[in-house]
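Colleague: I have a structure open and would like to learn how to read its features. Could you walk me through it?

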Amino acid sequence: MAEVTGLRATENILETGIGDIHYDYMVFATGSNTNFFGNKAIEDNAIGMKSLIEAVQIRNYVVKQFEESLLLQNPEEIRPKLNIVMVGGGPTGVELAGAFAELRKYIMPKDYPDLPQSLMNVYLIEAGPTLLASFSEKTSRKTLEGLQELGVRVMTNTGVKEYDGKTVTLSNGEQIHTQSLLWSAGVKGVPVSGIPADIILPNGRIIVNDLNQVKGFTNIFAIGDIAQMTNDPRFPKGYPMVAQVAIQQGKNVAHNILLSLKNKPQKGFHYKDLGSMATIGRNRAVAELAGLHMSGYLAWIVWMVVHLMTPLGFRNKLVL
C-alpha cells in the first residue's frame, strides 16, 4: 500500500509514502504506461488501455455512449457517439478493433435495436505500413483480412495529428467525428526518481546489462518493460515490452541473487521467445508458435488454451 517516491542508491534506501525502506537488493519492475509522444491534446482527450481500471472505464464509457444515443434523434449527433477509433495496429489495437466490430455486429442489434448499425463505424489507425509489425507478413495480411471481414475500417500509413475530444484529424487530412478515441499506439517505461538521468532513455527505459543490473550498480536490478537490454541481435532495440520477457527476467534475477549470496558466478539472461498471439474476434485469432503460423478458428483455440493455463490456481482455471 506504499507509493515509491524516490531512491537513494548510495545509502541503499528506497523512499516511500510510509517511510524509508533499507534494502540489500532492489528490483524495479514498474512496467510501462501509455505513450502519447508528447501530444498533450491527445493525452487529455483520448482513452488509454494499459490497466484493468482503464479497461473497465472503456466498457462503462461505451455503454454510456450507447445509452445517451437512445435519447437523440439526429443521426449527425448520434454518429460521433457510436464511432470508435483505435490508434495503434499492435495486438492491443487489433483485439480492441475486433471486439468493437463484434459488438456492432452481434450485440448492438439485440440490445439496441433502435440504433441503426450504419451509425456506428469502427476504425483502426496505424502509422506504419502493416498491422502487427512484429509478426510475419503472412500473419499481418491475415489479420487485415479478418478485420475487414468484420467491417473494421483499417487505415495504414496514417498517423493522428490532432484530437480535441470531438474530431480526429489524420495525417492525410481526413477527419473523423468521434467522442471515443482509444490510444494503443505505444508505451513508455515508468522510471523512479533517483535513478541517474543519463541511463534513462527517452522512452523511459533504464539501461541494464545482461544480468539485468542497472548500469553503474551491482545490487539494483530492472526487469520487464522498464529494462533496456540489448544483448540479443534478434532485438537490437531491446526486448519487446511483453509479459514473457518480464516473467523470464524475474526468474533469472531471482536465481542470480541466490547465486550471489553463495558467491557463485551469475548467469546472463537469454530470452526464449515462446511465440505471439492476438485475437481478431469471435472464433478468430492469429498465432505464431514454435515456427508455426496459424490463423482462424485453430489459432483461436490455441489462444484460449494458453490463456486458460496462465491464471494462477486451479479454481481460476476452472472458472474460466
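Modeller: Strands here are DSSP runs of E with at least two residues, helices are runs of H or I with at least four, and both are numbered from the N terminus. Two strands pair if DSSP finds at least two bridges between them. This is a predicted model, in which local features need pLDDT of at least 70 and side-chain atom pairs count only at pLDDT 80 or more, while totals for chains, interfaces and linings use all residues. Residues are numbered from 1 along each chain as its sequence is written, and side-chain values use heavy atoms, with hydrogens and water left out.

Colleague: Which residue in strand 11 is the bridge partner of Glu-162?

Modeller: Thr-169 is the bridge partner of Glu-162. In general, strands of a sheet pair through backbone hydrogen bonds, either parallel or antiparallel. Here the open sheet has 3 strands in the order 10-11-12, with antiparallel pairing. Strand 10 (160-163) and strand 12 (175-177) each have a single partner strand, so one side of each has no neighbour in the sheet. From one strand to the next, the twist averages 20°; such angles run from 0 to 180 degrees between N-to-C directions, using axes fitted to C-alpha atoms, for helices over the stretch in contact.

Colleague: How should I read two packed helices?

Modeller: Two packed helices are described by the angle between their axes and the distance between the axes. The axes of helix 2 and helix 3 come within 9 Å and cross at roughly 170°. That angle makes helix 2 roughly antiparallel to helix 3, the label for angles over 145 degrees. Gln-65, Phe-66, Glu-68 and Ser-69 in helix 2 meet Ile-78, Lys-81 and Leu-82 in helix 3.

Colleague: And how many residues does the largest nonpolar core have?

Modeller: In soluble globular proteins, nonpolar side chains tend to be buried together. A nonpolar core is a set of buried Ala, Val, Leu, Ile, Met, Phe, Trp, Tyr and Cys residues joined through side-chain atoms within 4.5 Å, where buried means under 20% relative accessible area (1.4 Å probe, protein chains only). The largest one has 31 residues, and those with the most contacts inside it are Met-86, Phe-100, Leu-124 and Leu-147. Helix 4 gives the most to this core, with 6 residues. Beyond its neighbours within four places in sequence, Met-86 is in contact with residues including Phe-100, Leu-124 and Leu-182. Apart from this core lies another, of 22 residues, among them Ile-199, Val-214, Ile-220 and Val-245.

Colleague: What percentage of the protein chain's residues are buried?

Modeller: Of its 320 residues, 43% are buried. The chain comes to 8 helices and 20 strands.

Notes. Buried < 20%, exposed > 50% of the residue type's maximum accessible area, 1.4 Å probe, protein only. Contact = heavy atoms within 4.5 Å. Parallel < 35°, antiparallel > 145°, perpendicular 65-115°, else oblique.
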